[in-house]
Every structure is written in structure tokens, then in C-alpha cells.
Amino acid sequence: MSRQTYSSLNPPSSHAPRDSLELASLASSTPGTSRNSISSSASGIGSSRKASLSAEDPLAPNDHETTPRPRPHDRSFSVSSAFDFASNLFPLSSTAAGYTALGAPTAGRLDLPGQSLEKHKSLTYLNGLSLIVGLIIGSGIFSSPSQVNDNAGSPGAALIVWAVAGILAWTGAASYAELGGAIPLNGGAQVYLSKIFGELAGFLFTWCAVFVLRPGSSAIIAIIFGEYVVRAAVGADAENVSSWINKGVALIGLVLVTLINCISTKLGTRMGDMFMFMKFVALLGITAVGIVVAITGFTWKGTPSDEWKTQGWFEGTSSNLSNWAVAIYAGLWAFDGWDNTNYVTGEFLNPTRALPRIIHTAMPLVILSYLLANISYILVLPASSISSSTTIAVHFGSVVFGPIGALSLALIVAASCFGALNASTFTCGRLVYAAGKEGFLPEILGRIGMPGTVEIGNRVRQRSWLSRQLLRVIGDEDGGLGFTPINAMVFNALLTAAYVVVGEFGTLITFYGVAGYSFYFLTVLGLIVLRVREPGLERPYKTWISTPIIFCCVSLFLLSRAVFAQPVQTLVVVAFVGAGVPVWMWRVRGGKRGRRKDEEVGEGWRFWRRWGRG
């Protein structure tokens, strides 16, 4: 699947080693400053690249930042890359707010020190693991693996589909691991596409992800959470409950996870860690119960299904390629969320080492958990129930333990959905925040905290010993309380709430099939492009070249299926993506012209002036 590469050490220098993005960030130096350049070939490097190697180091401590930027580890960085970080492509600027990609406006005066999540790294290997596992294992494996089982035709074939789908998703995750190591910034595909294909590609991803893909998927998770909470509360009568009650519970859950993630990064990640362990325990419990039932033959309702003994595991396997395609398609959706950690790469203590470890731990664990859970279902339930049930875990609990089992499994599924919603909210907020920092969205969304959050943390510290201990448990080391992208979190919550209220997800699924995998394809294709265009770029982790090629082929397969299955809805998706082009020209490209004009007259550009509010 992958391999690790290590670069040779660069010649000694007078400053700490930097990666290519830090060198590119020096491009923000003012004109006229004396510069020196480093060339590694006869042809040299691009002009903007030379300009980036400034003698005056903007990354050095200044009057506004006396604490040096922490470096959790030493590694060598390549300065021989020929990639041209042109100002209209990827000029990372080194400001008091840390990396500000794409020549974005500054975030203005903030009430918290540091102003940048990337400069206050706090995420660990365990936190990253919980983000991926937390979002992948949502409700699907507990609720309805029926699409895979029904189309595969037999239990054995279904298990093969689950394994193949997991491995294919793993190829995409491994490709993202290489990109995350080479470009260790928050934003995921938004940043990768901007660097490789230009600002327009990054903006179109932001346009789709921020306004449709991420809030829409979060809304689905929230509604499933509401349905299972109501099911646990009212039992069998849940089918007759108004959908607005389910949506009301979903909105309560959404508000709660948003509040948790606004309080502090530590609280959000600790919640994610807790739910990750809970999910693994639940899946292992289901597996153990299934094995015990198969051995003892005892359940609350009597004898369990013995089809797994009396019928062949591959009996009835479908020979229709279209059915297999649908089964793999459904399996891949069950593994969606493997890119979750890339949205917060810049906040890891050691991103270049942690990211590949996280991905190559999470994916096999999830694949194994899915296979064991499905085997347990096969050992207890008949194939007809597995292929038709939309609440298979609850049905499993009801068969084995009766009403108490059904209630317990309903609560477990609800908790799993809550954990997935927490992971989604955490990363969605970072995506919106990165878009605000880059100038794709209003600058207010790229701010950290809110006015007064420092004073609130100080008051909590001064009140009592208990308050101080509570702050130590839930507060971040650097920012205390509120050192999170609160504005971005609230913005994402409002969009998600709108989707929950509307509650129409048929078109959204097609949108995911077309837009989602189009951007997956472009991003992973960008890895191949970057290898050809910039072979000297420092890559702490490097996957096999066959890995992105396989994933690109899978993505094209899924895209073609979506196009032929839903041509009209596909045109709607294409129209929505195309509508982002004039928005980009108006807001981003036009904003950059306005900024240059303001700089000529000595004024700082602000995004809000594009609305005439400056």
C-alpha cells in the first residue's frame, strides 16, 4: 500500500530547516528588500521562488511575537524545488497570523494571542485517529449494510465487497497522506487543489464543500441521530412519530456538538477520543455476541438463524456486473470520511509523522471492524433480514437480548452518530476557517475566538481551585477557552441546521457522487501532477505510484455510474459547480484587484470593502 522515504540532510545553514511552504511564505516580503537566492540547477528557479528566499526572515520573532514558533522535530527540507509559487497561485504569506494562503486578507484585530491555529499545534496521533474513525464509523455499519449484501447476493460475496471497498478507500487515504505531508496546512483538498491547479480549483472545492457537501452530510448524520434517540425513547411507536420531533432532536444534538467544539480544541478532541473507543467496544461486543450465539445456539427469541451452517457462504452470488458495481459503490460510501484528518493537518504536533501513521492505523482497523460486525450479523440473522433491514443493529439486539437489547443498540447507534457529528463539526469548522483565511469566504470566518473570550478564561482561572482544574481539563494550553474558529463553527452549524429543516437528501446523494468524487479524483490526480512537476519537493511520506492511479480509476468509475444513473441531477450538480466560477471572479479575483489598488494608495485591503462596507 505504501512506503516511507527519508531525504538526505541539507547542507548546514544558519537557521533551522524549513519546508517548501515556509520558504514560499517568505514571498510576502516587501519589494526593495535585499534578497539572496539559492539555485540547485543551471536553469535556476522561478522568479517568485527566488523572491521567497529572503535574507530578512519574516518567520523570526518580532516585536509582536516574542515566543519562537515551536518545532516538535527536526527534518531536512528541500530548497531545490522548481515549482513556481507565483503570486496568483499559492503565495503563502508569513504574518502574525501564521500561514495565510493565496494572498488572503489578514483577519484583522483578534482578541486572542497568536491568531492562528497552525501556530498553536495541539493535536496528537490519538486525536487524528479519532477524527477518521469517528466519521467513518457513523450509522452505516449499525443501520443498513443491506445495499452491499443485497447486491452481492451471498454472505461470502458481501464480505469480499466490504474488503475491496475498504482497500480502495485506503488508496485514497494513502494518497492524501502524501499530500498532507508535503503541504502540512489546514484545509485539505482546498489547499492541495489551490497549490497544484490554481486558486479557481481550490475555490470551487470550497464552494461545493462548504455550502453543500459537508453541511449536507452532517445534516444526514444529525437526523439519523435524532431518529435513534426517539426510537430509544418511544420504542416500537417511533415509526409513528412526527419527523419534526426527529429533526428537533437532531438540532439539539447539532447545537450541543457545536458548543463543545467552540469551547476548546481539547474538549472536542477528547469527546472524539471517547466516542472512538466506544464505537470499537460496541463493534467488538457485537462480534463477541455473534460468536457466542453461533456456538451456544441460544438467544432471547430462541434458536438463531442457522443459514450460515446449512447454506454455502457463496451460494446465490450475483453474476451481474451492475449489481457488483452498486455493491462496491455502497461499500465505498460506508468508508467515506477517510480524508477527515487532512482538514486539520496544520494543527498536529508532528504532522509529517502523524498523518501517515494515523491513516495506516485507522483504515485497517475500520476494515477489520466492518468485516467482524458483518460476520456477526451473518451468524445470528437470516440473509433476508440482513438484505432488507434498515436498523440491523437494533434487530440484532432484539433477537439476542429482547427489548433491552434493542434499546441498548439504539442508544449505541445514537451515540455513534453523535461522535460522527462531533468529528464532522470539528473538521468542517477548520475547512470554513481555512477558506476565510485564504480569502475565499469573508475574513470574519477566518478569525479565532470572539471578543471577550480571553477575559472569560481569565475570570475562570481566578475564581476557585475547582474552576482552575476544570480549565486544565477542557481548556487549551495556549488559548484557554475559546481558542477555536468560533465564527466558522457557527456558520457551519447554521448551514447544517438549514439542511436538517429541509430534510431532502435525494439530490444530495447524487451531488456527493458527482461533485465529491470529482474533487477526490482531481486531488489525487494532483499528487501525480506534483510528482512530475516538482520531483524535488520534500515528501516525508511517499506512497507507491500505483496507489493514486488505482484510486483515480475508481473515482472515474463512480463518476461514470452517477452520470449514467442520474443524468438530470448530474446536470444540476455541474450547473452548481459552474456557478462558482463567476462568484470566484467577482469575490476572489476582483478582491485581489481591489487589494492591489488599496495598496497603491497605502491602505490595507479588507474583504468587506467588496460589499461597500469599508
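**Core and chain**

In this predicted model, the largest nonpolar core has 144 residues, and those that touch the most other members are Ile137, Phe142, Leu332, Phe335, Trp338, Met363 and Tyr370. Such a core is a set of buried Ala, Val, Leu, Ile, Met, Phe, Trp, Tyr and Cys residues joined through side-chain atoms within 4.5 Å. Buried stands for under 20% relative accessible area, with a 1.4 Å probe and protein chains only. Helix α8 (residues 199-234) gives the most to this core, 18 residues; helices are DSSP runs of H or I with at least four residues, strands are runs of E with at least two, and both are numbered from the N terminus.

Residues are numbered from 1 along each chain as its sequence is written, and side-chain values use heavy atoms, without hydrogens and water. Because the model is predicted, local features need pLDDT of at least 70 and side-chain atom pairs count only at pLDDT 80 or more, while totals for chains, interfaces and linings use all residues.

Beyond its neighbours within four places in sequence, Trp338 is in contact (heavy atoms within 4.5 Å) with Ile132, Ile136, Ala169, Gly172, Ala173, Tyr176, Met363, Tyr520 and Phe551. Tyr176 is also among the contacts of Thr523, with Leu179, Ala189, Tyr192 and Leu193, when neighbours within four places are again left aside. Thr523 lies in helix α20 (residues 506-533) and is buried, at a relative accessible area of 1%.

The protein chain as a whole has 22 helices and four strands. Of its 614 residues, 57% count as buried.

Notes: Buried means under 20% relative accessible area, exposed over 50%, partly exposed in between (1.4 Å probe, protein chains only).
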